[in-house]
Amino acid sequence: MRTIVAINEGRVEPGPDRPAAPEFGPDEVAERLAAGAIALDVRPWESYEAAHVADSIHVSATSSSFEQYVGWIVPEDGPLILVADTASAALDATRKLAFVGLDRRVAGHVTIDAWRDAGRPLRATPPVAVQSVEGGGRRVLDVRERDEFVAGHIPGARHMNFKHLPNEMRALPFAPDEPLAVVCAGGLRSAIAGSVLRRAGYRDVRNVDGGMEAWARAGLPTATP
Amino acid sequence: MWFHQEIREETGCATYLVGSTASGECAVFDPLWEIEPYVRRAGSKGLRITHVIDSHAHADHVSGARRLAAATGAELYLPEHMEATYPAKRLADGDRLRLGEVDLEVVHVPGHRPEQINVVVRDLDRGDEPWCILTADFLMVGDMARPDLAQPGEDGARTLYEVSIPRLLALPDFVEAYPGHVAGST
């Protein structure tokens with residue numbers, strides 16, 4: 001928010017009139033990531049979970065709150081390299097980021113196909129079914145708004161709004177190798193949260209497939225605080 | 001007078017065009033970064049964008065005011081108390097802009113931000129009474145905007161209550177209020 005005010009007051013230059021997200025080859029991307037750039041995966045969350053670049057943060061550009069969510073969770077510094085299905089998807093995402101002044105940080109993009117074809121490593125983190133979460137074995141983190149959590153949550157779930165994770169996840173009571181399940185209403189916000197947790201070093205994080213909506217459809221019990 | 005509310009659902013932003021059918025001039029209030037929709041709308045009505053107004057230094061989105069003024073040759077207007085490094089005409093409490101039959105009256109409404117202004121719109125072809133007020137981030141649907149972002153919350157709230165709300169209440173009851181945000185802002 002401070003940066004947006006600074007742009008509006010003229011103290012910081014806005015991005016160009018025509019935002020761009022030039023394509024980088026996978027080798028160059030790998031070098032830039034090693035030098036501190038941040039991979040931002042803007043594909044649908046199912047694609048991200050099927051295969052993603054290690055340590056990428058993920059926010060689906062098809063979400064109507066895309067640029068606001070990126071604003072909440074993106075690290076304060078570092079150029080962004082978008083991971084997208086196509087060049088035009090990367091450009092669309094960059095144009096949306098311009099509404100909140102984050103286009104300035106986009107250095108370029110790489111397509112997932114180019115990364116894969118170059119033989120670069122990908123991680124898979126398929127979601128877990130609500131039934132398996134009910135059976136135990138994973139601690140549950142609910143990342144919805146506080147009033148959604150209070151209205152009904154998975155018994156035993158901890159709560160932290162995904163928007164607050166970057167600043168507050170130190171307070172989570174989970175060990176880095178503890179199996180975790182992250183849940184939201186439908187699966188989009190929990191996918192974002194999962195990427196933030198993985199990037200921070202949590203090694204076994206999975207999304208609850210279909211979120212609390214799937215939990216309710218399965219007739220599973222909820223708790224209220 | 002021509003009046004149009006432009007809503008961008010992704011961020012819940014509501015912005016406004018007010019134009020004069022008599023003079024062909026058009027004012028844009030709080031335009032977003034993507035300026036093409038305003039140029040298209042005004043153009044589709046045969047109006048020229050001549051006045052671009054920013055109500056305050058927005059914290060949630062990048063303003064398109066400078067870009068829109070540069071692209072159209074319009075005059076750029078900022079609140080008197082807004083900090084800005086770039087040139088603009090300044091609007092103080094009580095200032096009035098005239099576009100043909102359209103009269104825009106500036107009301108200073110500090111509290112959300114110290115510099116915030118609203119605009120009271122009159123269509124002088126209809127009469128002297130105000131028709132609507134563009135409330136930006138001062139008054140939303142069923143709520144007022146946060147007083148704690150640009151100053152201590154208690155100070156902002158006191159200013160809202162003692163200074164700004166009375167200015168709003170001084171308007172006739174029939175005046176319509178058009179806010180800067182609808183559902184969608186996180």
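Between them, chain A and chain B bury about 2,200 Å², 51% of it on carbon and sulfur atoms, where buried area is the accessible area (1.4 Å probe) that two parts lose on being put together, summed over both. On the chain A side, A:Asn8, A:Glu9 and A:Phe99 lose the most area to chain B, together 35% of what that side buries. The model is predicted, so that local features need pLDDT of at least 70 and side-chain atom pairs count only at pLDDT 80 or more, while totals for chains, interfaces and linings use all residues. Residues are numbered from 1 along each chain as its sequence is written, chains are lettered from A and ligands numbered from 1 in the order in which they are written, and side-chain values use heavy atoms, with hydrogens and water left out.

**Contacts between the chains**
- Contact, meaning heavy atoms within 4.5 Å, links 25 residues of chain A with 26 residues of chain B.

**The largest pocket**
- The largest pocket has a volume of about 1,700 Å³; on a 1 Å grid over the protein atoms alone, a pocket is an open set of points with protein on both sides within 12 Å along at least five of seven lines, and its lining residues have an atom within 4 Å of a point.
- Its lining has 43 residues, and A:Met1, A:Arg2, A:Gly71, A:Trp72 and B:Ala59 lie nearest the centre.
- Two or more lining residues come from each of helix H1 (2–9), helix H4 (66–73) and helix H9 (165–168) of chain A, and from strand S12 (143–144) of chain B; helices (H or I, at least four residues) and strands (E, at least two) are DSSP runs, numbered from the N terminus.
- H4(A) gives the largest share of this lining, 5 residues.
- By class, the pocket lining has 16 nonpolar, 14 polar and 13 charged residues, with Ala, Val, Leu, Ile, Met, Phe, Trp, Tyr, Cys and Pro counted as nonpolar, Asp, Glu, Lys and Arg as charged, and the others, Gly among them, as polar.

**The cavity**
- The whole structure has 1 cavity of 30 Å³ or more, a cavity being a set of grid points where a 1.4 Å probe fits but cannot get out.
- The largest cavity holds about 40 Å³ of space, and the residues lining it include B:Cys13, B:Asp30, B:His58, B:His61, B:Asp137 and B:His181.
- The cavity lining divides into 3 nonpolar, 5 polar and 2 charged residues.

**Cysteines of chain B**
- B:Cys13 is buried at 1% relative accessible area, and B:Cys26 is buried at 0%; buried means under 20%, exposed over 50% and partly exposed in between (1.4 Å probe, protein chains only).

**Helix H2 of chain B**
- Within helix H2 (residues 65–72) of chain B, the residues B:Ala65, B:Arg67, B:Leu68 and B:Ala69 are buried, and their cover includes strand S3 (25–29), helix H1 (36–44), strand S4 (48–53) and strand S5 (75–79) of chain B.
- Just after H2(B), B:Gly73 takes a positive phi of about 75 degrees.

Methods:
Points joined across faces, edges and corners; volume = space filled by probe spheres on them.
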